[in-house]
Amino acid sequence: MKHDLLADLRPLLTAEASAEAYAIGTEPADLEQAVWLRLLEHLATDGPPPDPQDWLRHAVRAESRRTRRTTRRERPYETDPADDSERGPEHLVLTGARHRALRDAVRRLPGRCPRLLQALLSPKDLTYREIAGELGISQGSLGPERSRCLGCLRRLLAPEVATRQVRG
C-alpha cells in the first residue's frame with residue numbers, strides 16, 4: 001500500500017518541488033526530501049491522507065514557506081571579519097576560542113550530525129557524493145540532514161553566543 005502510494009506520488013512531487021524550489025532559492029531535491037519525510041511521518045501517525053495529491057500539494061507549499069522563513073531569518077554575522085589577515089595575538093586567541101567552542105558544540109550534536117559537519121568542514125573539501133559515501137547515506141538526504149544539523153548547532157550555540165556578548 002505505502003509503496004504504491006509513494007510510487008504514484010513521485011512524479012507529482014518532482015513537478016511540484018521543481019516549480020517551488022527555485023523561487024525560494026533551494027534545490028528541488030532538498031524540498032522533495034523534506035516532503036517525503038512529512039509524508040512518512042503522516043503515514044506513521046494518521047495513515048494515508050484521504051486525497052494524497054491534494055495533501056502533497058499543500059505539503060510542498062508548507063515546506064516552501066518554512067524554507068523561505070528560515071532563509072529570511074538567517075543573516076551573516078556583521079561583527080565577524082571575513083578577512084583573517086590581521087593576525088595579532090588577541091585575534092589568534094579569540095579565533096582559537098571560537099574554533100574550540102564550535103568543535104565542542106559539534107561533538108555534542110545528536111546522531112550522525114557530528115560526522116556530517118566534520119566532513120563538511122574538512123580541509124579536504126569533500127564533495128556531497130564523497131560525504132554521502134563516507135557516511136553511508138544517500139546524496140539526496142545530505143541537504144535536509146545538513147539543515148537539521150545546522151539548526152541543532154544554532155540552538156546549542158545560541159546560549160554560548162548570548163553569554164559572550166559585551167555588556168556596557
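His-42 has a relative accessibility of 18% and is therefore classed as buried, the limit for that class being under 20%. The structure described here is a predicted model. His-42 belongs to helix 2, which spans residues 28-46. Leaving aside residues up to four places away in sequence, the contacts of His-42 are with Gly-47, Pro-48, Pro-49 and Trp-55.

With a relative accessible area of 30%, Leu-120 is partly exposed. Together with Leu-121 and Tyr-128, Leu-120 makes a nonpolar surface patch of about 260 Å².

The loop between helix 5 and helix 6 (128-135) contains Asp-125. This residue, Asp-125, is exposed, as its relative accessibility amounts to 65%. The backbone of Asp-125 has a phi near 55°, a positive value in a residue other than glycine. Most residues other than glycine have a negative phi.

In helix 6, the buried residues are Ile-131, Ala-132 and Leu-135. Viewed down the axis of helix 6, these buried residues fall within an arc of 100°, and they therefore line one face of the helix. Arg-129 and Gly-133, by contrast, are exposed on the other side of helix 6. Gly-136 follows helix 6 and has a positive phi, near 75°.

Technical notes: Residues are numbered from 1 along each chain as its sequence is written. This is a predicted model: local features need pLDDT of at least 70, side-chain atom pairs count only at pLDDT 80 or more; totals for chains, interfaces and linings use all residues. Side-chain values use heavy atoms; hydrogens and water are left out. Helices (H or I, at least four residues) and strands (E, at least two) are DSSP runs, numbered from the N terminus. Buried means under 20% relative accessible area, exposed over 50%, partly exposed in between (1.4 Å probe, protein chains only). Contact means heavy atoms within 4.5 Å. Patches are made of residues with over 30% relative accessible area and no salt bridge: like charges are joined within 9 Å, nonpolar side chains (Val, Leu, Ile, Met, Phe, Trp, Tyr) within 5 Å. Accessible areas come from the Shrake-Rupley method with a 1.4 Å probe; for residues, only the protein chains shown count as cover. A salt bridge is a side-chain nitrogen of Lys or Arg within 4 Å of a carboxyl oxygen of Asp or Glu. The arc is that of the directions from the helix axis to the C-beta atoms.
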